[in-house]
Amino acid sequence: ILNDIVLGRAPVRALWRLKVYINSQLVDPLVLNEALFCAPAPSATTKYILKQASVEQLQQSSGVWISTSAGSTGAIHSAGGQVRPLSERSLQFLVRELFTLPLKGPPICGGPLDDDFSLVSRMPAAALYFDGSPHPVPIQFGDSVTFRPSASPLRWIAPPTSFTFRYNRHAYSCVVPNFESKKPSPSKY
């Protein structure tokens, strides 16, 4: 594969990322997999106004996942989101455990995002976690957090070996190194 890279024949693909703005200020770096908007303790109640297109809804939940296609096989999928092709630029979001409150209109629980998507904090302190980091970005009452697909993807060289497996009626493409197969050692138990 090194020769293919040097000669420019290696397959280069786009890997789309997520741009996050807090009160119109871009947060660096761009997010590769997912963002979680939640209370400072992720299992606590999160209060916010969800804005999608021209619809706004005051909600309480355990938080909101926002994912790129690269992150669609991780946390958002475990929570019920859809696995998306890596080549897809659009994002998806999923509300975690929406509380049954009187809502204005049908509940907005998740789906694909091609346009801006915003959450406005309605609590004294909230948090944004990016790509599984244990260090959140603090959010204050009234802060507006906007998520949008990045216009500049990462360029990555697709490995030559891959396989597809099925789980829960979804197909996943996984890259595996070209190692010799080894038999597992017998269990001691």
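1. Leu2 sits in helix 1, residues 2-6. Helices (H or I, at least four residues) and strands (E, at least two) are DSSP runs, numbered from the N terminus. With 64% relative accessibility, Leu2 counts as exposed; the term exposed stands for over 50% relative accessible area, buried for under 20%, and partly exposed for values in between (1.4 Å probe, protein chains only).

2. On the basis of the note: this is a predicted model, in which local features need pLDDT of at least 70 and side-chain atom pairs count only at pLDDT 80 or more, while totals for chains, interfaces and linings use all residues. Residues are numbered from 1 along each chain as its sequence is written, and side-chain values use heavy atoms, with hydrogens and water left out.

3. Leu2 is also part of a nonpolar surface patch, together with Ile5, Val12 and Ile157; the accessible area of the four together is about 360 Å². Patches are made of residues with over 30% relative accessible area and no salt bridge, like charges being joined within 9 Å and nonpolar side chains (Val, Leu, Ile, Met, Phe, Trp, Tyr) within 5 Å. The areas come from the Shrake-Rupley method with a 1.4 Å probe, and for residues only the protein chains shown count as cover.

4. An open sheet is built from six strands in the order 3-2-13-10-5-6, with antiparallel pairing. Strand 3 and strand 6 (55-61) are its edges, each pairing on one side only. From one strand to the next the twist averages 25°, where axes are lines fitted to C-alpha atoms, for helices over the stretch in contact, and angles run from 0 to 180 degrees between N-to-C directions. Two strands count as paired if DSSP finds at least two bridges between them.

5. Within this sheet, strand 10 and strand 13 are joined in the antiparallel sense by four bridges. Leu119 has Val145 of strand 13 as its bridge partner.

6. Salt bridges: the whole structure holds three, a salt bridge being a side-chain nitrogen of Lys or Arg within 4 Å of a carboxyl oxygen of Asp or Glu. One joins Arg148 to Asp116, with the closest N and O atoms 2.5 Å apart. This pair links distant parts of the chain, 32 residues apart: Arg148 is in strand 13 (residues 144-149) and Asp116 in the loop between strand 9 and strand 10 (117-121). Arg148 is partly exposed at 25%, and Asp116 is partly exposed at 37%.

7. Another salt bridge runs between Glu88 and Arg84, whose closest N and O atoms are 2.9 Å apart. Glu88 is partly exposed at 21% relative accessibility; Arg84 is partly exposed at 33%. In the pair of Glu56 and Lys51 the closest N and O atoms are 3.8 Å apart. Glu56 has 46% relative accessibility and is partly exposed, and Lys51 is partly exposed at 30%.

8. Backbone points to check. Most residues other than glycine have a negative phi, and most peptide bonds are trans. The peptide bond from Asp28 to Pro29 is cis, with omega near -5°, and Pro29 belongs to strand 3 (residues 25-31).

9. Glu97 has a positive phi, near 50°. Glu97 is in the loop between strand 8 (91-96) and strand 9 (110-113), and is exposed at 57% relative accessibility. Asp131 has a positive phi near 50° and lies in the loop between strand 11 (125-130) and strand 12 (137-140). Asp131 is partly exposed, at 33% relative accessibility.
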